[in-house]
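Here are some friendly notes to read beside the structure. Take the points one at a time and look for each feature as you go.

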Amino acid sequence: MEALWLSMKLAACVAAILLVIGMPVAYWLAYSNWRGKFLLESLVALPLVLPPTVLGFYALLAMGPRGPLGKLWIALFGHGLAFTFTGLILASVLYSFPFAVQPLIVSFEGVDQKLLDASAVLGAGSLRTFWRVILPLSLPGVVTAVVLSFAHTLGEFGVVLMVGGNLAGVTRTVSIDIYDRVQSLQYAEANRMALVLLAISFSVLSVVYAVNRRVWTPWPAK
Amino acid sequence: MDPVAGEVTATMLTARIRKELRVAGASSFLLDVSIEVSPGITILFGASGAGKSTLLDCVAGLTRPDEGRIAVGADVLFDSSLEIHIPAPKRRIAYVFQTLALFPHLSAEENVVYGLKHLREEQRRERAEAILRAFHIEKLRKQKPGELSGGEKQRIALARSLVTEPRVLLLDEPLTGLDAERKVAIVDDLRAWNTAKGIPILYVTHSREEVDALGERVIALENGSVVSAGVPMDVLDAPRRKKLAQAAGFENLLSATVLDLREADGVMRVRLGDSPCEIEVPLGYAAVGDRVQVAVRAGDILLAAERPHGLSARNLIEGRIISLERRGTMVIARVDCGVTFVVHVTPGAVRALDLTAGQRVWLVLKTYSCHLVD
């Protein structure tokens, strides 16, 4: 149960961080006219196709005592990043990045350009337009982004194993715990955990699909 | 924040604008106009694609002209030689779009106060109250746009723009889809509001009836240039009527030579321009060899991706797509058939037929969709 709690904490932190940094990135990707935009788009989508072990491997190198990030961290806080909960959060943020950014881009792009023009001629700058028009109309996308990055982080395995190792209470997340138990033939416990994850994943996806089907929306359908 | 709000003085809008729009494919469109709009309603009249919306976008600050100068009274909003380009939020020019663009997640009242964030709460409420009453929409304040009728939404869009006390009002066909009676009612409210404020109102339309009903002055736009300006009678009943047939919704105006008359069928055959293209049109007062003008609405032409069979329409013309240009919910196709035809199709049709520039297509014209003018 400790592992499940740890996974939940990790997923919640990652979802919150991704919401904050995902919004400006998605805004820029949705509205910029820069020609080289496709490069950044590919970079953002990279974790979708990259094997988690590859991502985890490079994250580990960067965070290790000789890696740039690890060195910086030691200088700042006196201890390394690899095999810590913070390191796990950093790696997971990278790993779940596209799951937060893609739904945000899609919903930002879906907002009618005429509404943005109307907001501008009514005297609103781009920040006010974002908070008052784009964000409220992108609510299904925001919910999707949060829920997907939460769920995706909850189930990660490869990256956690590479970066976090397997320290009880620090980096042993639920998927690693399940793997451990199967290895030591504790099938009943493994099954209990697996069922919990299955239930969570299903509920989470139901929320995403319900929101995007407009079963529930903050304003009445036209 | 905004010391001048509330005491708008009657000043003229002057605009000299040159803007080239690059369109995918070969053709490009040049808007090159110089207009003056004094307080009161001025109609901007022209066919779709004449450049009316581009002109409004430039004045509002949503599009940057390549060259020119835009000013309200002595206040310069844009000047290419002085590198002045005041951004749209700071221009205090109200703009009601054809689609109205009400914020769907806000109530009618929240929409109306959207542009008043610089005011204190009580002032905001006061202003909103006054404008809601002036446009007879006080009862709708709590409703969302999705629950309102077309006419109600148009009133709210107007109120939302005017409550900010703008210096100029731009209206892009805001009353399309309303019956004449409701149109007149809204325009009366607008006039009543403007007798007190006296700001220039630029009203875009392609409907001849609206010109007669509203116009104190008319500016006729065609292919990106002003073709005439003045009071409606002079502009629309001048010898240039032929040109304005185009402005009245005939995007295709083609000169043709009469080949033969078929009185029994009530039709005649004409050759279009110098092309080998021959079509059948309704019989007119003409003799063989006469030059006539044939006008066809872009929306009356059918476009087929394969040679159609078994049609009652008499005119089937083969051609090639020169360009496809999206305008709102419409796609303007230019088709070369020896002469160039402008055809309006829906974005859905473009997708379904997989239309691209350079593609071979067939145009179908009913005889009675071809109008003789002149």
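1. Let us begin with burial. Of the 374 residues of chain B, 39% count as buried. A residue is buried if 20 or more other C-beta atoms lie within 10 Å of its own, exposed if 12 or fewer, and partly exposed in between, with C-beta atoms placed from the backbone. For chain A, which has 222 residues, the buried share is 39%.

2. A word on what you are looking at. This is a predicted model, in which local features need pLDDT of at least 70 and side-chain atom pairs count only at pLDDT 80 or more, while totals for chains, interfaces and linings use all residues. Residues are numbered from 1 along each chain as its sequence is written, and chains are lettered from A and ligands numbered from 1 in the order in which they are written.

3. Next, the make-up of the two chains. Chain A has 11 helices and 0 strands, and its pattern along the sequence reads α-α-α-α-α-α-α-α-α-α-α. Chain B has 9 helices and 21 strands. Helices (H or I, at least four residues) and strands (E, at least two) are DSSP runs, numbered from the N terminus.

4. Take the contacts between residues at least 6 apart in sequence: in chain A, 73% of them join residues at least 24 apart. In chain B, 68% of such contacts join residues at least 24 apart.

5. Now find the open sheet in chain B. Its 6 strands run in the order E7-E8-E9-E3-E10-E11, with mixed pairing. The edge strands, each pairing on one side only, are E7 (93-96) and E11 (225-230) of chain B. From one strand to the next, the twist averages 20°; axes here are lines fitted to C-alpha atoms, for helices over the stretch in contact, and angles run from 0 to 180 degrees between N-to-C directions.

6. Two strands pair if DSSP finds at least two bridges between them. E7(B) and E8(B), the latter covering residues 168-172, pair in the parallel sense over 4 bridges. B:Ile93 has B:Val168 in E8(B) as its bridge partner.

7. Which residues of chain B have a positive phi without being glycine? Among them is B:Ala101, with phi near 55°, and another is B:Glu173, with phi near 40°. These values deserve a look because most residues other than glycine have a negative phi. B:Ala101 sits in the loop between E7 and helix H2 (108-113) of chain B, and it is buried because 24 other C-beta atoms lie within 10 Å. B:Glu173 sits in the loop between E8 and helix H5 (180-197) of chain B; with 20 C-beta neighbours inside 10 Å, B:Glu173 counts as buried too.

8. Further along chain B, look at strand E17 (residues 315-327). E17(B) pairs with strand E18 (residues 330-336) in the antiparallel sense over 7 bridges, and B:Arg327 has B:Met330 as its bridge partner in E18(B). The two strands form a hairpin with 2 residues between them, and B:Gly328 in the turn has a positive phi of about 60°. E17(B) also pairs with strand E20 (residues 360-365) in the antiparallel sense, over 6 bridges; there, the partner of B:Glu318 is B:Trp362.

9. Back to chain A, and to helix H5 (residues 85-109). H5(A) has 25 residues and reaches 35 Å from its first C-alpha to its last, close to the 36 Å expected at 1.5 Å a residue; the expected span is 1.5 Å times one less than the number of residues. A kink of about 50° lies at A:Ser96, shortly before the proline A:Pro98. The bend at a residue is the angle between axes fitted to the seven residues ending there and the seven starting there. H5(A) is mostly covered, with 19 of its 25 residues buried.

10. Is A:Asp112 buried or partly exposed? It is partly exposed, because 14 other C-beta atoms lie within 10 Å. A:Asp112 belongs to the loop between H5 and H6 of chain A. Its C-alpha atom is separated by 9.7 Å from that of A:Leu137, 25 residues apart along the chain.

11. Finally, where do the chains meet? 18 residues of chain A are in contact with 19 residues of chain B. On the chain A side, the elements that give two or more residues are H6 (113-121) and H7 (126-137), and H6(A) supplies the largest share, 6 residues. By class, that side has 12 nonpolar, 2 polar and 4 charged residues. Ala, Val, Leu, Ile, Met, Phe, Trp, Tyr, Cys and Pro count as nonpolar, Asp, Glu, Lys and Arg as charged, and the others, Gly among them, as polar.

Key. Contact = placed C-beta atoms within 7 Å.
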